[in-house]
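Visitor: I am new to this structure. Could you show me how to read a few of its features?
Guide: Gladly. Have a look first.

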Amino acid sequence: MEKLWSPWRSKYIDSFKSDEDKIKCIFCQMVDLNPAEMNNLVVESGKYTFTVLNLYPYNNGHLMVVPKRHTNDFSGFSKDELSESFEKLQLAEKVLRIYAEF
Ligand SMILES: [Zn+2]
């Protein structure tokens, strides 16, 4: 598989790194920030997930539903985490469809 490479994003990614945060991934660091610190990109926050717009979107409405618990194992999601993830994806799609009509 060919890898996407976006070197112009390195400055943004590196902005999340501090000496004490180097052990946290970018998404775990986002959980600890308030919306203003996130350039108001976080559009929704649930118990297990938050929804964030991509600062450098590939297309209109490019967003992510991110688990608040650090994991690289999607199959290890609890039923509650999985349920909320898909509920938030569904909500995002509904909102984007509404905005697409304007
Ligand atoms: Zn993490």
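Visitor: How are the donor residues of the zinc ion spaced in sequence?
Guide: The spacing is C-x2-C-x41-H. Keep in mind that this model is predicted.

Visitor: Which protein atoms are the donors of the zinc ion?
Guide: They are SG of Cys 25, SG of Cys 28 and ND1 of His 70. They lie 1.9 to 2.2 Å from the ion.

Visitor: Which parts does the pair of Cys 25 and His 70 tie together?
Guide: Cys 25 sits in the loop between helix H1 (10-14) and helix H2 (26-31). His 70 sits in the loop between E3 and H3. So the pair links parts 45 residues apart in sequence. Cys 25 is partly exposed at 25% relative accessible area. His 70 is exposed at 53%.

Visitor: How is a pair of aromatic rings described?
Guide: By the distance of the centres and the angle of the planes. Here the count is 2 aromatic pairs. Phe 74 and Phe 77 form a tilted one, with 5.0 Å between centres and 55 degrees between planes.

Visitor: Why is the pair of Phe 74 and Phe 86 edge-to-face?
Guide: Their planes stand at 65 degrees, and over 60 counts as edge-to-face. Their centres are 6.4 Å apart. Phe 74 lies in the loop between strand E3 (63-67) and helix H3 (79-100), and Phe 86 in helix H3, so this pair ties together parts 12 residues apart in sequence.

Conventions. Residues numbered from 1 in each chain as written. Predicted model: local features only at pLDDT ≥ 70, side-chain atom pairs only at ≥ 80, totals over all residues. Heavy atoms only, no water. Phe/Tyr/Trp six-rings, centres within 6.5 Å; stacked < 30°, edge-to-face > 60°. Helix = DSSP H or I, 4+ residues; strand = E, 2+ residues; numbered from the N terminus. Donors = N, O, S within 2.8 Å, 3.2 Å for Na, K, Ca; no water. Buried < 20%, exposed > 50% of the residue type's maximum accessible area, 1.4 Å probe, protein only.
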